[in-house]
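Dear colleague,

Please find the structure below, together with its sequence. I would be grateful if you could read the notes that follow it with the model open.

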Amino acid sequence: MTEPQWLELNDESRLLTIPDFLSWQESAALLKTLQEGCRWEQKPAVFGHLQPRLTAACGDPGLTYRYSRTQHQADAWLPQLLEIRERLEQICGRYNFCLLNRYRNGQDSMGWHADDEPEMGPVIASLSVGATRRFRLRHNSSREVINIPISAGMLLIMAGKMQQYWQHDLPRTKVAVGERINLTFREVIRIP
Ligand SMILES: O=C(O)CCC(=O)C(=O)O
């Protein structure tokens, strides 16, 4: 695995990328495990539409993560995800929840947003398996856009004030691409 290197963006936002966090074989095995082992759902979006992707969630018992009008209740951790969590925590952060997004083809996507809910810890570790897709970051005031092609096995950690000053998305593509699953390990802080 390549040595982790932090990229310091403006406004105290920090980004780390490790292209080979998982080997090609580990990525292929994890893709299959997740396809078969997670409880996938297509959640409602706005105006009676469905979200253009499938989602699943794993985490510590009793945890729920809410964003917009969507609610994700954690299923039990798969053993493979617990192993990854341990590896991630050796690099940076603490994680008690994993949101999984499954993009079935190039038409599936995720719109511009920030993971800035009050109950969300500031460090988000995003790991991808399957097809390569373009991930974008956009600064809220300068509108600078950073394009990051994310391939299988690549880890990206967003930290510092990233969620406060930047949004991110996963745009659709007309290129014929296969399935991709993205896992975001997060810390959901229980608010009394
Ligand atoms: O699929 C991705 O890489 C992006 C996922 C994402 O934006 C999120 O889970 O908040």
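This is a predicted model: local features need pLDDT of at least 70, side-chain atom pairs count only at pLDDT 80 or more; totals for chains, interfaces and linings use all residues.

Residues are numbered from 1 along each chain as its sequence is written.

Helices (H or I, at least four residues) and strands (E, at least two) are DSSP runs numbered from the N terminus, and two strands pair if DSSP finds at least two bridges between them.

The seven-stranded sheet

An open sheet of 7 strands has the order β1-β2-β11-β8-β13-β6-β3, with antiparallel pairing. Its edge strands, β1 (6-8) and β3, each pair on one side only. On average, neighbouring strands of this sheet are turned by 20° against each other, direction ignored. Axes here are lines fitted to C-alpha atoms, for helices over the stretch in contact, and angles run from 0 to 180 degrees between N-to-C directions. Helix α1 packs on the sheet and touches β6, β8 and β13, its direction making about 95° with that of β8; contact requires C-beta atoms, placed from the backbone, within 7 Å.

Within this sheet, β6 is joined to β3 by 6 bridges and to β13 by 7 bridges. Ala56 stands opposite Leu100 in β6, and Asn101 has Asn182 in β13 as its bridge partner.

The nonpolar core

The largest nonpolar core has 38 residues, of which Ala57, Phe97, Cys98, Leu100, Ala125 and Leu155 touch the most other members. Such a core is a set of buried Ala, Val, Leu, Ile, Met, Phe, Trp, Tyr and Cys residues joined through C-beta atoms within 7 Å. Leu155 touches Thr17, Ile18, Phe21, Ala125 and Leu127, not counting residues up to four places away in sequence. Leu155 in β11 is also the bridge partner of Leu127, and 4 bridges join β8 to β11.

The four-stranded sheet

A further open, antiparallel sheet of 4 strands runs β7-β12-β9-β10. β7 (110-113) and β10 stand at its edges with a single partner strand each, so one side of each has no neighbour in the sheet. β9 and β12 pair over 4 bridges, and Arg136 has Asp169 in β12 as its bridge partner.

The ligand shell

The ligand is surrounded by Leu99, Asn101, Met110, Asp115, Ser126, Ser128, Phe135, His168, Leu170, Asn182 and Thr184, where a residue is near a molecule if its C-beta atom, placed from the backbone, lies within 6 Å of it. β6 (97-103), β8 (124-130), β12 (166-170) and β13 (180-186) each supply at least two residues of this shell.

Backbone details

Phe47, in the loop between α1 (24-37) and β3 (54-59), has a positive phi of about 55°. Phe47 is exposed, with 5 other C-beta atoms within 10 Å. Arg143, in the loop between β9 (133-139) and β10 (145-150), has a positive phi near 65°. Arg143 is exposed as well, with 7 other C-beta atoms within 10 Å.

With kind regards

Terms used. A residue is buried if 20 or more other C-beta atoms lie within 10 Å of its own, exposed if 12 or fewer, and partly exposed in between; C-beta atoms are placed from the backbone. Two residues are in contact if their C-beta atoms, placed from the backbone, lie within 7 Å.
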